[in-house]
Amino acid sequence: MRRIWIAILGLAVHGAAQTSPGTLTTILDFYNTTVFSPETGLLIGPNGVLFGTASFPPGYAVYSLTPPTELGGSWTYATLYQTQGTQRSQVLTSAPGLAIDRNGVLYGATNRIVDTACTSQICGWIFSLTPPASPGGAWSETTLYTFTGGADGTGPQAGVTIGQGGVLYGTALGGAGKGLVYSLTPPASPGGAWTQATLHSFADGADGAEPSGPLAIGDGGILYGTTSYGGGENHGAIFSLTPPSSPGGKWTEAVIYGFTGGDDSEAPSGGVLIGPGTAGQPILYGAAGADVVGASRNGIVYSLTPPTEAGGAWALTVLYAFPKDYDFSPGPLVWGESGVLYGSTFYGGAQRSGSIYALIPPASPGAPWTFRSIYSFAYGFDAPGGNSPYLGEALAVGGDGLIYGTTSGGGPFNFGTAFSLRP
């Protein structure tokens, strides 16, 4: 593990955080649908249609929300697919995150299944959902790959990332070590089998353990991600995985930062974002967090800058440190306009029922970022507007600047909500 310095910018005291409430609109109460308990955030597709997943009734469901055709109108909900038969009894939850390709095909993952191959494991599968050929038709679900609980791993903890040529990349637990990174390559001809390959197995220790969150793809097809443990001091790591120079070669993994559990916190979650406009070795952004014993903070948002010379160390900078009384539980970050970062917390906010926040970049390099609490969800079993944004969900930012997301609780009978938020 490489040791590097940590520059801390904008250390938080609770009263110093800028607060400017945004305007939240509930666009769906799941009490009014055939499913409830949304398990992921919302993905924005063509024409502003939103896609997400839910877990009840047992199994998983993929749904859409179509924006109104006139000002002040209602969003239109539709269940695109819901598990049937043995799938319904086998699948307990879907992994956070959907992906969509240029043809409008959705891809996702499940992470709890019990079948003949996985009687004592948390297994899962990767699926696709193809839109109908004509409006109003049925969407078609296909299971692309089922994990066996052996060397191929078990329990994907996040959805997939789409790479060049339609190759899917993701992470799973188990395998030959403490989790792995895999690829799924589409068949050469329609109807053929997808090909799974394990690109790297984590060995624990300095190598990292238990990958968490989705992968990011940089220049040259380099994959970047996070592990919850390992990294030298067992507080989590950020890794890169470089593709081989020739087909069939071995991918090269490197731990580019190991968390210490000190000022840099621990347990990075939600993967990393690649900075806008960066090339080659990019600047990475992410959140780490958890209740570090004896620490004066409860999680951080950070950037990770590549070395200026070959063989140098990556430099972690704390952009914002959440105070202990914020009850920070970090979700993935997303980009907004002008390089603003948005994120959510499961417990944070004024009523400790979840929050949405922004980090605004400085006008000049090296100056502190500005924290802004955009919205604090209300406490209560059936709180209007929902509460507790699903841990691990990614917010979505539309072209109009609106933020979209879901809550796992609140709303009528505590079934959860989908919302839009004007910062």
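Predicted model: local features only at pLDDT ≥ 70, side-chain atom pairs only at ≥ 80, totals over all residues.
User: OK. How far is the side chain of T33 from the backbone oxygen of V35?
Analyst: A polar atom of the T33 side chain lies 2.3 Å from that oxygen, which is within the 3.5 Å limit. The T33 side chain also reaches the backbone oxygen of F30, at 2.9 Å.

User: Where does T33 sit?
Analyst: T33 is in the loop between β3 (23-29) and β4 (36-38).

User: Buried or exposed?
Analyst: T33 is buried: its relative accessible area is 16%, and buried means under 20%.

User: Which residues does T33 touch, leaving out those up to four places away in sequence?
Analyst: L28 and Y77.

User: Switching to rings. How many aromatic pairs are in the whole structure?
Analyst: A search finds 24. In one of them, Y285 and W335, the ring centres are 5.1 Å apart and the planes stand at 80°. That makes the pair edge-to-face, because the angle is over 60 degrees.

User: What does that pair tie together?
Analyst: Y285 belongs to strand β23 (residues 284-288) and W335 to strand β26 (residues 334-335), so the pair joins parts 50 residues apart in sequence.

User: And how accessible are Y285 and W335?
Analyst: Y285 is buried, at 11% relative accessible area. W335 is partly exposed, at 23%.

User: Which residues do ring pairs link into a cluster?
Analyst: Y320, F322, Y357 and F371.

Definitions and conventions: Residues numbered from 1 in each chain as written. Heavy atoms only, no water. Phe/Tyr/Trp six-rings, centres within 6.5 Å; stacked < 30°, edge-to-face > 60°. Helix = DSSP H or I, 4+ residues; strand = E, 2+ residues; numbered from the N terminus. Buried < 20%, exposed > 50% of the residue type's maximum accessible area, 1.4 Å probe, protein only. Polar contact = N/O pair within 3.5 Å; in protein donor to acceptor, adjacent residues only side chain to side chain. Contact = heavy atoms within 4.5 Å.
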